[in-house]
Amino acid sequence: MIVFGAAAAASVIAGVLVVTRRNPVYSAIWMLVCFLAFAVVYLKLGAPFLAAMHVLVYTGAILVLFLFVIMLLNLQPEEYGRELPLSTRVFTALLCLGLFAFIAVPLVRDEALDRPLPPVPADFGSVRHVGEALFTKHALPFELVSVLILVAIFGGVLLAKRKA
Amino acid sequence: MTVRDYLVLSAAMFAIGAYGVLGRRNLLILLMSVELMLNGVNIALLAFARVHAATGEHAHVLVLVAMGVAAAEVAVGLAIVIAVFRNRKTVDTGRLGSLRG
């Protein structure tokens, strides 16, 4: 309970800092904190394999890619872009708070959700269990994702290539 | 621990990401916010899988596929950011209005 509370608080605070920092480098660093806190939440959910994959894919690949592009663009503070006026930002924040309330209030009111989660099933998140599912029953989506990533690599190179 | 705690956390991350997408004008931070939203949804998926224990493996595969799609999306998105910055010298969405009707 304490571990989950700490991880949830850390991810929410880090998330807010990600979307409010002006310098994208600071946002990327706070995103790192947020992702690591999320890995703890995955562990609390009984999914150690997904926690490892989350750290590998998100902090290992996606975050490094973000930092790489930020360094590549080498933005000066005057190039961060003009922010929306404060009133618009406050309105947007209230809108998103409303979205949160719209989802969260029915959840809090629903008494069917009061039951504690059942204990983690024996092979819920084990590498063996997930791997078996991934390479037998769900082989098609797995292969489709690999094709998608291949296409994304080609697309990325083609889009970012300097025109000759 | 109830499933509600995880779902509320998921909703919070989704709302935070939504603010980043709607309220910011920096393309890089826009992409980061989309990642936050995707993460929130993944947590909800896994929490539901814990409630319906028999679906654990399906949820794991679904979350892995979502992670793969997120990685592909970021690769293409950042390539577009680089291309836009090279041509327009800005990452400010407010100044990228060429397609406005």
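How many residues does α1(B) have, and what span does α1(B) reach from its first C-alpha to its last? The helix has 21 residues and reaches 30 Å, close to the 30 Å expected at 1.5 Å a residue (the expected span is 1.5 Å times one less than the number of residues). This is a predicted model, where local features need pLDDT of at least 70 and side-chain atom pairs count only at pLDDT 80 or more, while totals for chains, interfaces and linings use all residues. Residues are numbered from 1 along each chain as its sequence is written, and chains are lettered from A and ligands numbered from 1 in the order in which they are written.

**Chain A overall**

- Chain A has six helices and zero strands (DSSP runs numbered from the N terminus: H or I of at least four residues for helices, E of at least two for strands).
- The C-alpha trace of chain A spans about 55 × 45 × 25 Å along its principal axes.
- For contacts in chain A with a separation of 6 or more, 56% come from residues 24 or more positions apart (a contact means C-beta atoms, placed from the backbone, within 7 Å).

**Chain B overall**

- Chain B has three helices and zero strands.
- Chain B has a radius of gyration of 17 Å against the 13 Å that the globule rule gives for 101 residues, so it is more spread out than a compact globule.
- The C-alpha atoms of chain B fill a box of roughly 50 × 25 × 25 Å.
- Buried residues make up 53% of the 101 residues in chain B.

**Where the chains meet**

- Chain A puts 72 residues into the contact, and chain B puts in 62.
- Each of α1 (2-20), α2 (24-44), α3 (48-73), α4 (86-109), α5 (127-135) and α6 (139-160) of chain A supplies at least two residues to the side that touches chain B.
- That side of chain A has 55 nonpolar, 11 polar and six charged residues (nonpolar is Ala, Val, Leu, Ile, Met, Phe, Trp, Tyr, Cys and Pro; charged is Asp, Glu, Lys and Arg; the others, Gly among them, are polar).

**The largest nonpolar core**

- Of its 64 residues, Cys34(A), Val41(A), Tyr42(A) and Leu46(B) touch the most other members (a core is a set of buried Ala, Val, Leu, Ile, Met, Phe, Trp, Tyr and Cys residues joined through C-beta atoms within 7 Å).
- Helices α1, α2 and α3 of chain A, plus α1 (3-23), α2 (27-51) and α3 (56-88) of chain B, each give two or more residues to this core.
- The largest share, 13 residues, comes from α1(B).
- Not counting residues up to four places away in sequence, Leu46(B) touches Tyr42(A), Leu45(A), Ala47(A), Leu50(A), Ala59(B) and Val63(B).

- α1(B) is mostly covered, with 17 of its 21 residues buried.
- Gly23(B) sits in α1 of chain B and is buried, with 22 other C-beta atoms within 10 Å.
- Leaving out residues up to four places away in sequence, Gly23(B) touches Leu84(A), Arg89(A), Thr92(A) and Ala93(A).
- The buried residues of α2(A) include Trp30(A), Cys34(A), Phe38(A) and Tyr42(A), and what covers the buried residues of α2(A) includes α1 and α3 of chain A together with α1 and α2 of chain B.
- After α2(A) comes Gly46(A), with a positive phi near 80°.

Notes. Two residues are in contact if their C-beta atoms, placed from the backbone, lie within 7 Å. A residue is buried if 20 or more other C-beta atoms lie within 10 Å of its own, exposed if 12 or fewer, and partly exposed in between; C-beta atoms are placed from the backbone. The radius of gyration is taken over C-alpha atoms; the globule rule is 2.2 Å times the number of residues to the power 0.38.
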